[in-house]
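Biologist: Could you walk me through this model, one question at a time?

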Amino acid sequence: MTPHRVLVMGSNGLLGQKVAETLVRGTSAVITLSSLEDGPVRVLEPAEYVKTDLTSKKDVKNLVARAEPDVIINCAAITNVDACETERELAWKVNVGGVENIIEAAQRTGATVVHVSSDYVFDGRNGPYTEEDRPEPLSYYGKSKLAGENILRASGLPYLIARTMILYGFAPGVKANFVLWLIQSLEKGTPVRIVDDQIGNPTLADDLAYGIIRGLDLGKTGIFNIAGRDIASRYDFALRIARAFALDESLITPIKTAQLRQPAPRPLKSGLITLKAEVELGISPSTIEQGLAVVKNQITRGARRAADSAPVPGQPHTRGRG
Ligand SMILES: NC(=O)c1ccc[n+]([C@@H]2O[C@H](COP(=O)([O-])OP(=O)(O)OC[C@H]3O[C@@H](n4cnc5c(N)ncnc54)[C@H](OP(=O)(O)O)[C@@H]3O)[C@@H](O)[C@H]2O)c1
């Protein structure tokens with residue numbers, strides 16, 4: 001089933017931009033993009049952009065009535081795990097209430113709904129996990145992502161749940177993900193402490209976007225783990241980032257998760273087994289080095305574009321937002 005009309009929620013975020021870009025380049029579908037801000041971070045013609053707050057039932061209903069999608073891909077969420085722990089009401093409102101609003105609006109048209117979930121639905125005692133393993137979230141973020149999954153599964157709508165983890169990549173104006181943050185820190189010569197007891201597969205956002213769209217094209221439903229090929233500790237990942245970007249790896253010191261005293265508990269021995277997605281969707285997720293090479297290329301092109309469009313020649317420009 002190649003979708004004819006697609007609505008992307010959270011289209012200004014990292015994954016949202018990658019999904020929107022992949023759709024606009026690769027399909028003839030009518031695409032509507034939507035996020036919290038007044039306008040799109042990047043104009044992707046011919047897609048239309050409509051500002052929408054996911055937590056407003058009325059706005060979501062109006063958006064879905066306007067877009068008439070046969071597929072809704074929800075990339076919007078509160079993704080800051082510690083903020084979810086301390087601001088629980090907001091986390092629930094967006095990560096669960098938002099999914100409820102989408103489901104309610106989709107029920108009028110019978111649209112397929114895509115929910116992007118996380119390895120944080122697991123406790124990290126015995127990863128890596130398959131789609132069949134029993135979720136046991138430790139954090140409020142993990143609980144909210146699992147609740148979103150469960151509501152969708154019980155909705156009666158056709159659905160695709162893509163579980164992923166440690167999402168990284170480059171796109172205009174995105175919040176600093178682990179890779180972008182580390183590059184910025186090391187470029188400035190700032191020493192960083194990185195945990196060596198959290199294990200999982202870092203995932204290139206472009207690969208996840210492609211996997212989701214491939215699943216839709218093939219008419220797949222159900223849960224799919226879509227994550228990077230390599231499982232590594234965060235510390236190992238950081239060293240590999242430093243090497244890929246020729247930065248000073250001696251600035252990186254290993255520490256334990258417990259030393260950070262973060263508000264939200266983290267799954268430690270995590271990771272997602274992607275065999276089902278590889279076989280059923282025919283995808284081949286990037287290794288860490290392949291993914292970092294893609295990011296490096298995108299940063300270089302982004303900096304070149306920013307330099308070309310800079311109002312004052314020679315004025316320094318920043319990486320990340322803007
Ligand atoms: N990042 C990871 O490592 C990771 C790991 C596993 C799973 N995931 C899941 O993957 C998905 C995409 O993550 P991401 O890293 O691409 O996230 P992101 O870059 O933080 O993007 C999320 C987007 O949602 C928007 N949003 C937040 N509240 C909203 C609301 N009330 N109404 C409309 N839009 C709203 C945000 O807008 P503002 O920026 O204006 O707030 C942002 O554009 C999420 O479902 C996340 O839970 C992420």
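Biologist: In which loop is alanine 246 found?

Modeller: This is a predicted model, where local features need pLDDT of at least 70, side-chain atom pairs count only at pLDDT 80 or more, and totals for chains, interfaces and linings use all residues. Residues are numbered from 1 along each chain as its sequence is written. Helices (H or I, at least four residues) and strands (E, at least two) are DSSP runs, numbered from the N terminus. Alanine 246 sits in the loop between helix 8 and strand 13 (252-255).

Biologist: Is alanine 246 buried or exposed?

Modeller: A residue is buried if 20 or more other C-beta atoms, placed from the backbone, lie within 10 Å of its own, exposed if 12 or fewer, and partly exposed in between. Alanine 246 has 9 C-beta neighbours inside 10 Å, so the residue counts as exposed.

Biologist: What is the phi of alanine 246?

Modeller: Most residues other than glycine have a negative phi. Alanine 246 is not a glycine, yet its phi is positive, about 55°.

Biologist: Which residues of helix 8 are buried?

Modeller: Helix 8 covers residues 234-244. Seen down the helix axis, the buried residues fall within an arc of 100° (taken from the directions from the axis to the C-beta atoms), so they line one face. They are Arg234, Phe237, Ala238 and Ile241.

Biologist: Is isoleucine 166 buried or exposed?

Modeller: Isoleucine 166 lies in the loop between strand 6 (159-164) and strand 7 (167-168). With 22 other C-beta atoms within 10 Å, isoleucine 166 is buried.
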